[in-house]
Amino acid sequence: MKPIAPLCEAALLVALVFGLLSLNPRPALADGVDCGFGPPRSSWVETSVTVAERGHDTTVMTSTTRVGVPRDWPGAAALLGDGSAVGCLLPLLGEPSVTVSADGAEVVVRSTQETPLELYDTEWGAESAGLWSSRASGGTRFVALLPAPEDLPSGLAGARWRTVVVKTPESRVRRVTPLPSEVLPGGTYVWRDGAAPPRVEVSLPLSARAAFQRWTGLRGQAVLAVATYAGFALPYLLLAGLLVLLHRRSADRSERVLIRITLGALGMITAAEAMLVAGALTGTLFVAVLLGVTDTLAILVVAAPLCLAVRGLARTGLRRGVPLLVGAVLAVIGALALLAARLFADVRPDPLWVAPAVATALLLTGAAWAIAVRAARVRGRTPRAVRVLLCWSVPGLASLTLAYVAHAVVTGTPTGVTPFFLLHGLSYLMWPLVVLLLLLLLRLHGRRTDSVGPSTVWLLVFLFVVGTIRWLNTYAGMPFPLAGLVGLAALPLLLRLTRRAEVADPGVSRRRLAMIVDEYRDLEEREKGLRRRWAAGHIDDAEHTKENGPVVDRIRRLRMEIGLDPDREDGLSPLDVALSRGPGVSWWANARLAARYASYVGAPAAVFLIWATWSTDSRGRDGWLDRLGDPNGFYGLAGDLIGGLLIWPVAGFVLGALWRRLPGRRGYLKGVVPVLAYAAATGAHAVLNNVIGQAPVRGSLVRVLLLFLVLTVVAVLMDARTLQTRPGGLASRLTPVAVVYRLGTAGSGIALIVAQAAAVLGLWSQLKNGIDITSQVDTSAQAPISADAQVLLGRVDR
């Protein structure tokens, strides 16, 4: 028993030591640096810390410290030389600057460090920034200055602490110790002229949003997992419900086949997120990842639609269909074999880690291509537009997936590049496949119906939301697709409130209708001229009747030719019929033409949007390289590139498809409804951000103004095409619409000019004041620091 007693005492002592260390909230920052110069005979310290929110719900602790030492201190030469003595005075973090005071008697070292603060309990210590530390416990955050001499760099022994500042501009303070020398507005507490470092500790209550985020991170993981899945998949699930309803009601075999293909694509896209939430809820995610179950399921999720689509292509008579099917099966087997080799190999080199992800990337590309081609060939050959799109998109998708793997290897480790996480990351970029499938489904509706029915309207609504309002919103750390859901509700509501009856088919070609409009306008002007002459007494009744009779007869014949009331009691003119019907013979033709116009007109807007999105990061700094350095930066950039290019043709297609249902007798008024729906979605997102105190959304107004400008120009081009009577250049096309709009005179053209000018001025004011579309920090509103504040923060020598 005697040997056991010392062992128990030693174990108890070790446990006590480690327990005290784990309870210590302030880690030592000397880092064991051996300062061979000794402490300076005299030195001073000025340090400040600011705790404020920045970016997407992130609390940042920013520490600024200045240390002054005599010029004759032995380490001063090292400071001014290679900076090797900085570790004697400050923690070896960041990039400190070394300068000489104005009188040349002192060397001043300055260091600024930023640390994003987590909301989790820290087990082995607190988060630090310079000489400051922070920890969260319960509903309180504690910010403290390292108080003990052994916690400080050796060069600060005996230093005079001239200024110690704590700033909490966004939070009220529960407790401050010790009593500060001065309290300034804006939650600023100052301690001055201390012979020893004051034991400063400030306790801040967590905001309601931060407390909610902390709960979701510590105890609400299941809720967070479900919310993440719902936030990503809810619009797709609603679309799947609509497709199931259409499948039950449809009697067209081709439409039913295309709906099943679309449902399979939606299942493939949402499968990775479904696996993630299932593993999180059951607690088996870690084991499944460790054993390769998730990677195997990811390969099978991609392989199933690939093999089914290639099999369908072989059955429809596609050349080399059977070899393609055999090749797809062999590719799947090869991917599974690579995964098995990685799992069971004793030595796993980096290429063996990356190979399954590369194989999955290529399988995903093949699956997207096979699904698109299979869907396009439901009724015969693949449309030419789809073939052109696939010629560009398939190599682009393959390059994108491989570049994603390469980026993950460069920014992380090869062990983090797995088929599951590859599929999970790229699932956020697969929404263009949904757009293409919806377009193909709408093509079947366009062939079957001349008017836009209720089912077609809902497909167009989902196309508009998926193609333009595609981003996933996060509120207090909880994902929720608020903007998408508001868009799904706003566009049908606006269409219902502004619904107008479609004008009947005139029964003539577009060119003939344009010629009737031109002749009718001349006849009306002649009739008005005769009426004015008769009213002025220049002609008598008999002469007026004689000259006006042929004009009225011709007007009646023209109106009867296009199915209008010859007595003009319906209030419609041939111009109203032409502009209401649009230049296409059907709503599908209008949609295709508007999408083509929007692609051309939206190209400059796409370039500007991509530049404004990625020229700066969420902190207002140059953002291209910084954001690409983030593990999620690559597919974030890819998503912005795809979205910036596709938003315009999708919006133009919806405008053209709904052209005959939208209000307004002039085309430029028809774009108001989709723009208002888009503004309502982005506005709801911005309003909720402001209500919960989250960082404001910037750039929403810019996107709305750009969409309004593009759709207005597209509508004018649609009207110009409608009224075109003969082939010619752009000037000859715009001349008829300029006459109709009466540009330069009082008329409807004034509204167009005023609206466009207001949009341009609004966009210009945003750009003039500084715009960062993705930043949550309004850098333009940051005023320069005053002289008093600079002295307080230790920015200048006193």
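In this predicted model, lysine 167 stands opposite threonine 188, a residue of strand S11. Strand S8 covers residues 160-167 and is joined to S11 by 6 bridges, the two strands running antiparallel.

| Strand joined to S11 | Residues | Bridges | Direction |
|---|---|---|---|
| S8 | residues 160-167 | 6 bridges | antiparallel |

How much of S11 is buried? Of the 7 residues in S11 (residues 188-194), 5 are buried, so the strand is largely enclosed by the rest of the structure.

Helix H17 is the next element. Burial here extends to 8 of the 8 residues, so H17 is largely enclosed by the rest of the structure. The buried residues of H17 are Pro574, Leu575, Asp576, Val577, Ala578, Leu579, Ser580 and Arg581. Just after the helix, glycine 582 takes a positive phi of about 85°.

H17 (residues 574-581) packs with helix H22 (residues 700-723) at an angle of about 125°, and their axes are 9 Å apart. Angles over 145 degrees would count as roughly antiparallel and those from 65 to 115 as roughly perpendicular; H17 and H22 are therefore oblique to each other. The crossing of H17 past H22 is right-handed. Which residues meet in this packing? On the H17 side they are Leu575, Ala578 and Leu579, and on the H22 side Asp719, Thr722 and Leu723. By class, the residues of the contact of H17 with H22 comprise 4 nonpolar, 1 polar and 1 charged. An α-helix has 3.6 residues a turn, so residues three or four places apart point the same way.

Another helical position is alanine 398, placed in helix H10 (residues 384-411). Is alanine 398 buried or exposed? Its relative accessibility is 19%, so alanine 398 counts as buried, the cut-off being under 20%. The C-alpha atom of alanine 398 is separated by 8.5 Å from that of glycine 366, and the two residues are 32 residues apart along the chain.

Key. Residues are numbered from 1 along each chain as its sequence is written. This is a predicted model: local features need pLDDT of at least 70, side-chain atom pairs count only at pLDDT 80 or more; totals for chains, interfaces and linings use all residues. Side-chain values use heavy atoms; hydrogens and water are left out. Axes are lines fitted to C-alpha atoms, for helices over the stretch in contact, and angles run from 0 to 180 degrees between N-to-C directions. Helices (H or I, at least four residues) and strands (E, at least two) are DSSP runs, numbered from the N terminus. Angles under 35 degrees count as roughly parallel, over 145 as roughly antiparallel, 65 to 115 as roughly perpendicular and the rest as oblique. A crossing is left-handed if the near helix is turned anticlockwise from the far one by less than a right angle, and right-handed if clockwise. Contact means heavy atoms within 4.5 Å. Ala, Val, Leu, Ile, Met, Phe, Trp, Tyr, Cys and Pro count as nonpolar, Asp, Glu, Lys and Arg as charged, and the others, Gly among them, as polar. Buried means under 20% relative accessible area, exposed over 50%, partly exposed in between (1.4 Å probe, protein chains only). Two strands pair if DSSP finds at least two bridges between them.
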